[in-house]
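Good morning, everyone, and thank you for coming. Please take a look at the sequence and the structure on the screen, and then I will talk you through one interface and one part of a sheet.

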Amino acid sequence: MEHAQHIIDATQDIFSSMIMLEVTAGEPFVRNNDKLINSISGIIGLAGPTKGMLAIHMANAAALAVTSAFLGMEVEEIDDDVRDAIGELANMLAGNMKSVLDPGGSDIKLSMPSAVYGEDYSVDCLAGAQSVTVPFTFDGLGFLVELQLRTDG
Amino acid sequence: MGKTVLIVDDSNTMRKIVSRALRQAGIDFSTILEAGDGQEALDVLSANAVDVVLSDINMPNMNGLEFLKAKAEIPAIKDIPVVMISTETGADIINEAKSYGAKGAIKKPFTPELINETLGALL
């Protein structure tokens, strides 16, 4: 469960300062490739001596609420704005985690953000990676932030 | 007279967020221009009088560092100040950006107050 507190600190900072939403962290756990239903995931790949991924998984209702708050306008369907917003959230979270894992900033490379969404899909684990997932709640809705890391050598 | 700012970010959402933060920052911007990558930013700077640029680093096509290097080669726009606004704010990458002419860096997430403080010193 290493890095769980970093995930909590980064997520609460980003949501309070950029989205004006206070989110409450739950107990960290290891996610077992459970299927994601009617959800959207923002994903950033990490490459270098430490590789892995940072993902934020949100049910559609949570993604719509977050994007609406993020943009300051009502968003009613999963569209380009929602995919872009969730990808950008993953990007900010990954950048924050990178500053913890790689303070100099030259060892870990971050990918461009990508978003996956659908009625029924899974985001698989990196082979041999250590994984931690933190659940968060706000206004009766929830989302997950997942970090997978593998250090070679 | 209000200032003109150019926001460079491949994320349409982030351009909207930065634009909103600029309006909340209390600096008198009369015009907010946008570009989706470094090449688009060069095109906008060549066609408009811009007072300051806020640029992401991690972008497709031409990233923020490549944009700084290319801009430094164009006499008509090389002196327009650029502030990097990015999740990538490690010492190495910021020093590299400054070596190419960046005047400062703002880490995402950011607040309007931080934007005011950083840009206020340049305008």
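Predicted model: local features only at pLDDT ≥ 70, side-chain atom pairs only at ≥ 80, totals over all residues.

A polar contact here is a pair of N or O atoms within 3.5 Å, where within protein one must be able to donate a hydrogen and the other to accept it, and residues adjacent in sequence count only if both atoms are side-chain atoms. By that rule, 9 residue pairs, both at pLDDT 80 or more, are in polar contact across the interface of chain A and chain B. On the side of chain A that touches chain B, helices H1 (4-19), H2 (60-71) and H3 (80-101) of chain A each supply at least two residues, and H3(A) gives the largest share, 10 residues. Helices (H or I, at least four residues) and strands (E, at least two) are DSSP runs, numbered from the N terminus.

Residues are numbered from 1 along each chain as its sequence is written, chains are lettered from A and ligands numbered from 1 in the order in which they are written, and side-chain values use heavy atoms, with hydrogens and water left out.

Between chain A and chain B there are 2 salt bridges, meaning a side-chain nitrogen of Lys or Arg within 4 Å of a carboxyl oxygen of Asp or Glu. Lys108(B) forms a salt bridge with Glu88(A), with the closest N and O atoms 3.2 Å apart.

Turning to the strands, which pair if DSSP finds at least two bridges between them, S7 (residues 141-151) of chain A runs antiparallel to S3 (residues 50-59) of chain A, joined by 9 bridges.
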